[in-house]
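Please read the points below alongside the sequence and the model.

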Amino acid sequence: MTMLQIALILFIMANPIGTCPAILALLKDHSLKDQQRILLRESIFSMLLAFFFLFAGEAFLSHLSIQNYTLTLSGGVLIFLVSIDMIFSPKTEKNEDNLPKQEPYFVPIATPLISGAGVLSIIMLYSRQEPDIVKLVCAILIAFIGVTVVLVAAPYLQIILKKRGIAAFEQLMGLLLMMISVSMITNGVAIFISALKNVS
Amino acid sequence: MSLFDVTLIFFLIMNPIGNLNAYLTLTHGIESKRKTFIVLREMLIALFVMLCFNFLGDTVFDFLGLSETAVKISSGVIIFLVAIKIIFGSGEGLRNHLQEEPFVVPIAIPLVASPSLLAMIMLSAHLTPLLSQTLPAVLIAWFLSFMIFLFAEPIKRVFKTAGLKACEKVIGLVLVLLGVQTICSGIELFWKTQILHA
């Protein structure tokens, strides 16, 4: 596989275009500049996570005896919890008198939305199969530059949709995230059950 | 599992880096000599409790009729819930205890010697050779945590609050993985022992 092919696969799996409506809904209460700052940071985090899993992923997971299904299951559960929060506690107005807004940090944007179980598993797979590490490093760089561009440009979408549009969007995006999360959970459970079957 | 694996798990569950912020909040305003004394005292208390569970683990197991499955699943659940709390919230509740100097609670227990850690120690003591694995793992993990708490201020200066928060969240993520895995291992064990052979 060429470097660009791998980069494209990673970019598609990270799916920034598909998840950016949901991510924007998550960041609804922050200013445009804040949103871009957060998204840039999360993008960098997800890239660092990808590199970590490239070099140390398999060793790390095997030391903790963590199986494949755990990554998928954990990602699914985390997104599920985020989606519940989005659907059932919609923040309609800026709470000026309350505590400073808790901004999402690392979870759930960097992972599991961008660098989720799929992306990290594929990276670990490639790290095993591809002899040329430099190719993989460059592929990850290219893919994540793409992710960063998409994410940092996304807040401008808000200008088109306006604040109310995004607020209405939030619950729909919550629903979307919930469906994604349930799909991840059922996938994880399916792999778990086949692992159980193999034991017996 | 190797000694490294067991030590790593204990160290992650003890989560000294993640707890650093909480610890600094709790000992805020106390002079550093007193802080050193408090760290030493709390860590020794925690160590004592950990060693108790280490050596009495097997006995408690048999006495209470606990199965490995039960301990695995419940400690997995606790690890998972603690991890979710780290990722999605902040330990604001700890600030209420600022009136007096922290004694045993909440630093030694449950910040360091948390229920999930004690359960893991019991499990490890039950399953792996005691002297060559569990005991050294406990001591090494404890010592590393002790060092981190001792050098809390310098570490904070290097990483800054944002850096510590990042570490906290990343470790929270790892703990989610660990928690889910422990629960699944427990279920797998349940499957093997209860369903297949019953």
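Predicted model: local features only at pLDDT ≥ 70, side-chain atom pairs only at ≥ 80, totals over all residues.

1. A:Glu58 is found in helix H3 of chain A; helices (H or I, at least four residues) are DSSP runs, numbered from the N terminus. At 33% relative accessibility A:Glu58 counts as partly exposed, a class that lies between buried (under 20% relative accessible area) and exposed (over 50%), with a 1.4 Å probe and protein chains only. Leaving out residues up to four places away in sequence, A:Glu58 touches A:Met124 and A:Arg128, where contact means heavy atoms within 4.5 Å.

2. Residues are numbered from 1 along each chain as its sequence is written, chains are lettered from A and ligands numbered from 1 in the order in which they are written, and side-chain values use heavy atoms, with hydrogens and water left out.

3. The axes of H3(A) and helix H6 (residues 117–129) of chain A come within 9 Å and cross at roughly 75°; axes are lines fitted to C-alpha atoms, for helices over the stretch in contact, and angles run from 0 to 180 degrees between N-to-C directions. H3(A) is therefore roughly perpendicular to H6(A), the term for 65 to 115 degrees, as against roughly parallel under 35, roughly antiparallel over 145 and oblique for the rest. From H3(A), A:Leu49, A:Ala50, A:Phe53, A:Leu54, A:Gly57, A:Glu58 and A:Leu61 meet A:Leu120, A:Ile123, A:Met124, A:Ser127 and A:Arg128 of H6(A). This contact divides into eight nonpolar, two polar and two charged residues. Here Ala, Val, Leu, Ile, Met, Phe, Trp, Tyr, Cys and Pro count as nonpolar, Asp, Glu, Lys and Arg as charged, and the others, Gly among them, as polar.

4. Which aromatic residue of H3(A) pairs with A:Phe106? A search of the whole structure finds six aromatic pairs over all chains; rings of Phe, Tyr and Trp (its six-membered ring) pair if their centres lie within 6.5 Å, and planes under 30 degrees apart count as stacked, over 60 as edge-to-face and the rest as tilted. In one of these pairs the rings of A:Phe45 and A:Phe106 have centres 5.0 Å apart and planes at 50°, so the pair is tilted. A:Phe45 lies in H3(A) (residues 32–63) and A:Phe106 in the loop between H4 (68–88) and H5 (109–114) of chain A, so the pair ties together parts that are 61 residues apart in sequence. A:Phe45 and A:Phe106 are both buried. Ring pairs link A:Phe45, A:Phe106 and A:Tyr105 into a cluster.

5. H1(A) and helix H7 (residues 133–153) of chain A have axes that come within 8 Å and cross at roughly 40°. That makes H1(A) oblique to H7(A). The contact includes A:Met3, A:Leu4 and A:Phe11 of H1(A), and A:Lys135, A:Gly146 and A:Val150 of H7(A). By class it has 15 nonpolar, one polar and one charged residues.

6. In chain B, H1(B) and helix H6 (residues 115–127) pack at an angle of about 165°, with axes 9 Å apart. H1(B) is thus roughly antiparallel to H6(B). Among the residues that meet are B:Val6, B:Phe10 and B:Met14 in H1(B), and B:Leu117, B:Met120 and B:Ser124 in H6(B). The contact of H1(B) with H6(B) has eight nonpolar, two polar and no charged residues.

7. Two backbone items deserve a check. Most residues other than glycine have a negative phi, and most peptide bonds are trans. Phi of A:Asn15 is near 50°, and phi of B:Asn15 is near 50°. A:Asn15 is partly exposed, with a relative accessible area of 34%, whereas B:Asn15 is buried, with 4%. The peptide bond from A:Thr111 to A:Pro112 is cis, with omega near 0°, and A:Pro112 lies in helix H5 of chain A.

8. Chain B has eight helices and zero strands. Buried residues make up 50% of its 198 residues.

How values were computed: Helix = DSSP H or I, 4+ residues; strand = E, 2+ residues; numbered from the N terminus.
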